[in-house]
Amino acid sequence: MRAHDAALRQVETSMALNLNLGEPMAAGGAAPAHAAAPQANAPLFQPQQNPYAAPAAGAAAGAAAGAAAGLATGPYGDAAAAPAAAPAAAGSTWGQPTPQPEAKPAAKKDISLALYDAGLNAFQARKYDEAQRSFADFMKNYPTHSMAPDAQYYLAECYFQRNQFPDAALAYDTVITKFSKSNRTPGAYLKQGICFSKMNQKAAAKARMNELIKKYPNSPEAARAKNFLKTNK
């Protein structure tokens with residue numbers, strides 16, 4: 001038996017040398033002596049890295065550097081293409097409060113016009129004494145105002161409506177002499193002639209009506225003057 005085992009070992013050794021298979025296995029299937037032995041307490045299976053786990057410190061540092069350079073990083077620490085920024089419209093106020101229009105201060109009404117309107121409103125309401133005061137104040141404070149011819153005419157009308165014919169005749173005369181080019185002048189001629197008639201000054205009334213017809217022949221007041229002369233001979 002010993003001779004038989006020795007012969008088998010010699011054959012095994014010869015085959016290992018010819019085939020370059022290394023040293024023959026020891027009896028019982030033991031590994032060769034030069035085979036690397038596993039480390040003590042080494043785990044049987046090495047865990048594989050999760051590709052979706054957070055990057056390691058080195059990858060995080062690389063991502064921070066990329067962010068500092070204006071580059072985004074992907075889940076594996078590689079540079080990711082940054083989304084293109086939308087072009088901002090000129091003067092865009094996106095994200096800002098809607099601008100509110102500035103409140104404009106109310107324009108102050110001209111005191112002179114307020115006084116004139118007060119007199120006119122009182123006259124239309126037949127409050128002739130109140131209207132008379134307003135128009136008198138207007139003429140006292142604003143004698144050269146663009147509305148002065150109208151204010152003077154309405155002042156005369158207030159006297160006329162209150163049957164104060166002498167005062168009315170004088171007020172109408174101011175319109176005729178001071179504001180001769182205004183559109184109130186024909187009416188002042190007509191109403192002054194009527195005042196003279198009310199005061200029984202027939203000749204003065206007739207003279208005034210004729211003057212009106214001569215200066216303003218095509219005016220409505222001239223037509224009324226003609227009618228007056230026919231009925232007051």
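User: Why is S182 called buried?

Analyst: S182 has a relative accessible area of 16%. Buried means under 20%, exposed over 50% and partly exposed in between, with a 1.4 Å probe and protein chains only; S182 is therefore classed as buried. The model is predicted: local features need pLDDT of at least 70, side-chain atom pairs count only at pLDDT 80 or more, and totals for chains, interfaces and linings use all residues. Residues are numbered from 1 along each chain as its sequence is written, and side-chain values use heavy atoms, with hydrogens and water left out.

User: Where is S182 found, and what does its side chain reach?

Analyst: S182 lies in the loop between α6 and α7, helices being DSSP runs of H or I with at least four residues, numbered from the N terminus. Its side chain reaches the backbone oxygen of F179 at 2.9 Å.

User: Which residues is S182 in contact with, leaving aside neighbours within four places in sequence?

Analyst: They are P149 and V175, where contact means heavy atoms within 4.5 Å.

User: How do the axes of α8 and α9 come together?

Analyst: The axes of α8 (residues 202–215) and α9 (residues 220–231) come within 9 Å and cross at roughly 145°. Axes are lines fitted to C-alpha atoms, for helices over the stretch in contact, with angles from 0 to 180 degrees between N-to-C directions.

User: Which residues of α8 meet α9?

Analyst: K206, M209, N210, L212 and I213 meet residues of α9 including A225, F228 and L229. Leaving aside neighbours within four places in sequence, M209 also has L190, G193 and I194 among its contacts.

Conventions. Helix = DSSP H or I, 4+ residues; strand = E, 2+ residues; numbered from the N terminus. Polar contact = N/O pair within 3.5 Å; in protein donor to acceptor, adjacent residues only side chain to side chain.
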